[in-house]
Amino acid sequence: MATSPETQTPLLDDVVDGAFDCQGHPVRRSTSGGWRAASFIIWVEVAERVAYYGISSNLISFLTGPLGQSVTTAAQNVNIWSGTASLLPLLGAFVADSFLGRYRTIFAASLVYILGLGLLTVSAVLPSSELQVLMFFFSLYLVAVGQGGHKPCVQAFGADQFDRNYPEESKAKSSFFNWWYFGICAGPLLTLAVLDYIQDNLSWGLGFGLPCVVMVFALLIFLSGTRKYRFSIKGEEENAFGRIGKVFAAALRNRRTTSLAIALEEESRGTLPHHSSEQFKFLNKALVAPDDLKEKGKLCSITEVEEAKAVLRLFPIWITCLVYAIVFAQFSTFFTKQGATMDRTFVPGFDIPAAALQSFISLVIIVFIPIYDRIFVPIARSFTREPSGITMLQRIGTGMFLSIICMVVAALVEIQRLQTAKDYNLVDKPSATVPMSVWWLVPQYLLIGLADVFTMVGLQEFFYDQVPKDLRSIGLALYISIFGVGSFLSSFLISVIEEATSWAGHTSWFSNNLNRAHLDYFYWLLAVLSAVQFAIYICIAKSYIYNRGSTV
C-alpha cells in the first residue's frame, strides 16, 4: 500500500543530517545521540577524572615524602607535569581531527592511560632507588600522554551527540557543558578524600592502583555505548588544518597586494557575508590568486578566509586567560602544603588529609551548577535575551573576577597563619602543627570552585563553539592548553622568585619551613597580576565578534 506524504515526513525529519552510526549507516534522532549517548560519555569522564585527580591531587605529598624532594622542587615538578599533561591534548586533538577520528583516539588513549597507571602503581611499591624514580616519572608522563589523547576528544565527542541545527538539541548542548563539568567534579568529590587517606595512611601502591581499576571501568563504559553514538564521516574535502594553513600562506604570499586589488576581488565574488570580515583584513589578501592558480582551482574561498579569522580571534582571549591558569595551579601545590602545617583534626584520632580539602572545589561546583543552569540562566535570559543567559565571554570574565578575590582571601589567611605560628613560638619548628584550624582555608577553595563554574565551563563552550566544525577537538585542546602553559608559567614564576628572594642567605618566599616563608607575598602578587589581566581581558572581550555559527 502506498504511503502518504504525511507518514513519510516524520521519518525524514528523524534522520540526523551528516551523522552516522558505528557501521556507517544514517542515524535517526529518536534512537541515537542526545542525552542517551552523552550520558555514557559523561560517566566515562567522571571515571577518568577520578583516576587523574587520584594521582595529581596528592602528588606533591608523594614527591616530598617517599621521593624526598624539597617543597620548591616538588612544586616545580608538579607544575611541569601538569603543564605537559595540559599541552599534550593539542597533539591528541590533531591526531583525532586529522587521522583517527575521536572514537578511535579515545580508545587508543585509554589503553595508554591504563598502562601508565599500572606502571605507576608498580613504581610506588618498589624500594627507594634510582630505578624507582625513573620508573615513577616514566609512568607519570605516560599517564600524561594517555590523558592528552583522551581529554579533548571525549568532551568534543560528547558535544557532537547534539545537533546544533535542531532547536531542542541545540539548547541541550549548552546544558551539556554545565552537566559535563558537574559530573567531572562530583566523581572526585566522592572519592578524593578516600584515595588521599589511603595514600597518606595505608599504602601508596593501593592509592595509585585504585585509579588504574577505575580507568579500566571507564573504558568499558565507553565501549558499551558504541551503538548509541553519532559519528561523522570525513568527506573528500580538504583537511581543516590544510584550509586554514592555505589562507595564511596565501596572505603571506600576497602581502604586497594593494587594497584596490583586494576590493576588486571581493567585488567580483560578492559582498563578504559577515561584519567580522572587517577584522584581520590582511587575511583578505588570500582571496587574490594568480591566474595559473585560478585555472587549477587552488583559490581560497571567502568561507576559508572567515574560518582562519575565527581561529585567529581566539588567541587574544587565550593569552588573557593565562594568569587565571597560574592561580588555578596553586590549589594542588601551595594550598595543600599550607593545609599540611595546620590543625587538621576532624574527630579525635583522625586528621583530614591536606589534599582532601580540594573536595570543597568540587562541592561548590556540584551545588552551584544546577543553580546556575536551572535558576540563574532562565532569569538572566529574561533580561538579556541571550539563549544561555549571559554570553560566553561574560561568563569567563565573571570567574576571572572571583579568582582575584580568591587570591586576596588566600593572602589574608596566610598572614593569619604566619602570625599564629609566631604567637606560639613555632617559627623555627616546621614539623610542629600550627594551632590554627585547617577550615580557615575553606573560603579560598570555595572561591576557586565558584570561579571554575564560570570560567572553566565558559572556556570549554567558547573554544568548542568558536572554531570550525572539523577542529572542535583542537578547540577544546586549546582551552586545556591554557592551563598547561599556566602551569609552566607558575613553575617559571616560582623559580624566578626563589632565586630573587633567597640570595645572600635571605629566606625564600618558598622556604621548606613554611613558617618562615612568605606565601602571602606570592598570593598578593598573583592578585595584582590577575587584576591587570582582568582589565586587559575586558578590553579584548568588548571588541570580540562571535563566529557566525555561534549559538550565543
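Reply: A residue is called buried when its relative accessible area is under 20%, exposed when that area is over 50%, and partly exposed in between. The values that follow are computed from a predicted model.

Me: Why is Ser57 called buried?

Reply: The relative accessible area of Ser57 is 0%. The limit for the term is under 20%, and Ser57 is therefore buried. Ser57 is located in the loop between helix 2 (34–56) and helix 3 (59–64). Beyond its neighbours within four places in sequence, Ser57 is in contact with Leu192, Asp196, Ser332, Thr336, Ala355 and Gln358.

Me: What is the distance in space, C-alpha to C-alpha, between Ser57 and Ala354?

Reply: The C-alpha atoms of Ser57 and Ala354 are 9.8 Å apart, while 297 residues separate the two in sequence. For the chain, 80% of the contacts between residues at least 6 apart in sequence join residues at least 24 apart.

Me: Which term applies to Asn425, buried or exposed?

Reply: Asn425 has a relative accessible area of 60%. The term exposed requires over 50%, so Asn425 is exposed. Asn425 belongs to the loop between helix 16 (392–423) and strand 6 (434–437). Its phi is positive, about 55 degrees, although Asn425 is not a glycine.

Me: Why is Leu363 called partly exposed?

Reply: Leu363 has 34% relative accessibility. Leu363 is in helix 15 (residues 359–384). Together with Val367, Ile371, Ile375, Ile379 and Phe383, Leu363 forms a nonpolar surface patch with about 570 Å² of accessible area.

Me: How do you know that the span of helix 4 agrees with its number of residues?

Reply: Helix 4 (residues 71–100) has 30 residues, and at 1.5 Å a residue these should span 44 Å. The C-alpha atoms at its ends are 41 Å apart, which agrees. Gly101 follows helix 4 and has a positive phi, near 85 degrees.

Me: What makes Cys321 and Cys406 buried, and how many disulfides does the structure hold?

Reply: Cys321 has 1% relative accessibility, and Cys406 has a relative accessible area of 0%. The limit is under 20%, so both Cys321 and Cys406 count as buried. A disulfide requires a pair of cysteine sulfur atoms within 2.5 Å, and the structure holds zero disulfides.

Me: How much of the chain is buried?

Reply: Of the 552 residues in the chain, 56% are buried. The chain exposes about 23600 Å², of which carbon and sulfur atoms supply 65%.

Notes: Residues are numbered from 1 along each chain as its sequence is written. This is a predicted model: local features need pLDDT of at least 70, side-chain atom pairs count only at pLDDT 80 or more; totals for chains, interfaces and linings use all residues. Side-chain values use heavy atoms; hydrogens and water are left out. Helices (H or I, at least four residues) and strands (E, at least two) are DSSP runs, numbered from the N terminus. Buried means under 20% relative accessible area, exposed over 50%, partly exposed in between (1.4 Å probe, protein chains only). Contact means heavy atoms within 4.5 Å. Accessible areas come from the Shrake-Rupley method with a 1.4 Å probe; for residues, only the protein chains shown count as cover. Patches are made of residues with over 30% relative accessible area and no salt bridge: like charges are joined within 9 Å, nonpolar side chains (Val, Leu, Ile, Met, Phe, Trp, Tyr) within 5 Å. A salt bridge is a side-chain nitrogen of Lys or Arg within 4 Å of a carboxyl oxygen of Asp or Glu. The expected span of a helix is 1.5 Å times one less than its number of residues.
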